[in-house]
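Trainee: Please pick one part of this model and take me through it closely. I would like the terms defined as you go.

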Amino acid sequence: EFQRGASIAVSGVCLTVAEFQGSAFTADLALETVQRTSLAHLQPGSLVNLELPARAGDRMGGHIVQGHVDGVAEVIRFDPVSAGQDYWLAVRVPAHLARYIVEKGSIALEGISLTVARIQDDEVSVAIIPHTREVTNLKLVGPGAMVNVEVDVLAKYAEKLGNTCLRRQAEPLSVARLAALGF
């Protein structure tokens, strides 16, 4: 249901509807949102991806995408493969986000849930099928473009839990320590 206060993802950025009329809506952008996302670079008439949030009980078709954009990535290449049947999209991600990205893991670019095909240093590549390219704003993306990136939230939680466990240990984990703890 589209109403004031509803959430809507705009190119992967979760926004709150401030006002709406017909099929148009406005949203307020916090300074944090402007600084962390590519929304500040939009011009009137820019093509964006819109997505309403999933409802409880809805089928999940991809990884967990919250609309909490972690930063922007620069498009390095977006080339057709095998006579235009699919595409190879390579982006340069900020170094602080690279640790959350793994091959065959999940990443969201412009709010689109994608599978990481290859990682080389700070370059992340994904395969884009023709349908995804045609029904999203990726059809207008080229080298140098900035795209919103959201890493897998589960990777961030795993890192935090791992760090918390390491800090709580009085001594390094070893076979002797495990035996002393009853394992």
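Mentor: Met60 lies in the loop that runs from strand E4 (50–51) to strand E5 (71–81); strands (E, at least two residues) and helices (H or I, at least four) are DSSP runs numbered from the N terminus. The model is predicted, so local features need pLDDT of at least 70 and side-chain atom pairs pLDDT 80 or more, while totals for chains, interfaces and linings use all residues. Residues are numbered from 1 along each chain as its sequence is written, and side-chain values use heavy atoms, without hydrogens or water.

Met60 is exposed, at a relative accessible area of 52% (exposed is over 50%, buried under 20%, partly exposed in between, with a 1.4 Å probe and protein chains only). Together with Ile64, Leu154 and Tyr157, Met60 makes up a nonpolar surface patch of about 440 Å² accessible area. Such areas are Shrake-Rupley values with a 1.4 Å probe, where for residues only the protein chains shown count as cover. Patch residues have over 30% relative accessible area and no salt bridge; nonpolar side chains (Val, Leu, Ile, Met, Phe, Trp, Tyr) are joined within 5 Å, like charges within 9 Å. A salt bridge puts a side-chain nitrogen of Lys or Arg within 4 Å of a carboxyl oxygen of Asp or Glu.

Strand E4, at one end of the loop, belongs to an open, antiparallel sheet of four strands ordered E3-E2-E1-E4. E4 and E3 (24–27) are the edges, each with a single partner strand, so one side of each has no neighbour in the sheet. Pairing requires at least two DSSP bridges between two strands.
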